[in-house]
Amino acid sequence: MNRVKKIWKFFTSSKKAAVGSLLLLALLVVTAFPTFFAPYDPSAEEYIPRQGPSISHWLGTTAFGQDILSQVIVGTRQSMLIALVVGLFCTILSVLVGVSAAYFGGAIDDFLAMATDVILVIPTFPLIIVITAYAKANNFWLLVLVLVITGWSYGARQLRVQALSFRNRDFLQSAKARGESSWYVIIFEMLPPMTSLIVANFLGAALYAVLAAAALQFVGLGNINTQSWGTMLYWAQNNEALATGMPLWALAPGIAIAVLGTSLALLNYAFDELANPALRPIRTLKLSKLSKLVGNKS
Amino acid sequence: MKFLLRRVGFLLIALWAALTLNFFIPRLMPGNPAQAMMAKFHGHVNPLALKALEVAFGVNTHQNLISEYFQYLGNTLTGNLGVSVSYFPLSVTSVIAKALPWSLALVGVATIFAFAIGTVLGAITAWRRGGILDNLMPPVFIVVSAFPYFWVGLLSIWLFALTLGWFPLLGGYDETATPTFTWGFIVNILWHAVLPAFTIIITSIGGWILTMRNNMLTVLSEDYVKMARAKGLKNKRIIWQYAGRNAFLPNLTGFAMSLGFVISGAILVEYVYNYPGVGFMLLQAVVNEDYALMQALFLLITVAVLVSIFISDILTAVLDPRTRVQT
């Protein structure tokens, strides 16, 4: 009960957490029921092409005569899926590498820390481009694989640093003295105090995945026949949407990406602040509170 | 000395990892697409160049993987990166040499601007904690950082080039102008660089502001800052000479670490603006199935990032004795 209260307090007291989770919730609802919100079939090419915004087509139509609003709404699902799946796998990998490096120390730590740093400094986007250019099979899981390979190292580094700071604390020493196994100590003693940092890392990786996937699809390295925000941008760019008077075709999916990105980033910062109280915004003490503290009722 | 050796060792290991990745990626893919490209290419190219390409992609070679690997390493280290298919018969190195100055100038200048402005703004934000800037800046840049880099480029093209007509639309310079060393042409080049540079600065500045702010907050709570205040020193002096200097150093390391992200973003910015740099060339190479050029560009970008990280590491060590002490 206490824990539920704590979580509730976190979401209501932090503005960042509140706004971020509301945005994410709204997107989740859209993801769950796209056909309920989308006014038309997003792939139907049966409306007058190149229309501006109107009552029947709020965001206008594409050069192929598709409804832009419906495409944005239906495209939500793929971005959400990529955020969730890549974020999850990246986090698992970061925790495995970062925490076990810190726990075992010595040569294992040296090797894992080195590997993490090497992956971290190799510029990811060119690497992703090279891999996807060779792998012509434009499927979803390949995209996920590439994004996970390139996305786990940042989190692993952060988690390792935090786990290192626990290494000589009493609660770990006593667990080891009780004769608990390594895995028990890692999972039940080390991970719980790191929860907020782990969640922050999940959100960071999810944000990275959404942006990188959109970029890849934009340059034509994804499956260009799926319904997603990145492929909308690809088709808009290829039909010179900006120069031919259809700016909304290119601008709307970008704003959609930014809404998802903002919600992830806001939650990310909120959890970061939870993990590191020094970053929290200072609250000026209200006068009423102050007078209570002083004990002056007047 | 030990520190320097460690950094050199790391640089070498990272370089080796990048070279090895570059070697194995085409070989791990099912149905090596380079093979199809090579088939088209047979008979159009002198046998020596063909041989280099074959080694690079693992096509038609009857050697084992290990001797192929060493031959590839030798070729790469001696600058023999093969022939470009899309710019045939030019060698990959000469094609890249044309694009490189554009990227160095654009990305280099934009990054230094973003870093300098971001660091100053971050320091001020932390000092005036709870002030207007501190309340406004983080949320604004959280939102900005959530936009895809290339989309910010699209938006600025639409707004400043197409709608307002303030800046040229695409390219590195006016196609009708003859490239000469005249004042007019240089202005033309700068004019074309404004929007791409603006896009890179806007999208990367938030990161510098936030990290500098956070470093500064930690430093400001130190005793020597309190002491400086107690002594009644001027705020300006405390910010820049006491706190700023110490907060800036970890930011320099952060600069190195996030350089890869900036370069990644710059590739897309060049793509959006058809800017004639290496990023645009990389994506063109992908479209044209020019694998030799593509892999050479990947290596070049990686080496550039690794060397910059190395330099800023050494710089940090020279400026900050604390990093030299830690093991």
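This is a predicted model: local features need pLDDT of at least 70, side-chain atom pairs count only at pLDDT 80 or more; totals for chains, interfaces and linings use all residues.
## Chain A overall

Residues are numbered from 1 along each chain as its sequence is written, while chains are lettered from A and ligands numbered from 1 in the order in which they are written.

Chain A has 14 helices and zero strands; both are DSSP runs numbered from the N terminus (helices are H or I with at least four residues, strands E with at least two). Its C-alpha atoms fill a box of roughly 70 × 65 × 30 Å along the principal axes. Take the contacts in chain A with a separation of 6 or more: 69% of them come from residues 24 or more positions apart. Here, a contact is two C-beta atoms, placed from the backbone, within 7 Å.

## Where A meets B

On the chain A side, 40 residues are in contact with 45 residues of chain B. Helices H5 (106-121), H6 (124-134), H11 (195-218) and H13 (247-275) of chain A each give two or more residues to that side. H13(A) supplies the largest share, 11 residues.

By class, this side of chain A has 34 nonpolar, four polar and two charged residues. Nonpolar covers Ala, Val, Leu, Ile, Met, Phe, Trp, Tyr, Cys and Pro; charged is Asp, Glu, Lys and Arg; the others, Gly among them, are polar.

## The largest core

The largest nonpolar core has 168 residues, and A:Ala209, A:Val210 and B:Leu297 touch the most other members. Such a core is a set of buried Ala, Val, Leu, Ile, Met, Phe, Trp, Tyr and Cys residues joined through C-beta atoms within 7 Å. H11(A) gives this core its largest share, 18 residues.

Beyond its neighbours within four places in sequence, B:Leu297 is in contact with B:Ile96, B:Val278, B:Met281, B:Leu282 and B:Ala285.

## A closer look at B:Ala114

B:Ala114 sits in helix H5 (residues 92-127) of chain B. B:Ala114 counts as buried because it has 23 C-beta neighbours inside 10 Å. Leaving out residues up to four places away in sequence, B:Ala114 touches B:Ile200, B:Ile201, B:Ser204, B:Ile205 and B:Trp208.

Methods:
A residue is buried if 20 or more other C-beta atoms lie within 10 Å of its own, exposed if 12 or fewer, and partly exposed in between; C-beta atoms are placed from the backbone.
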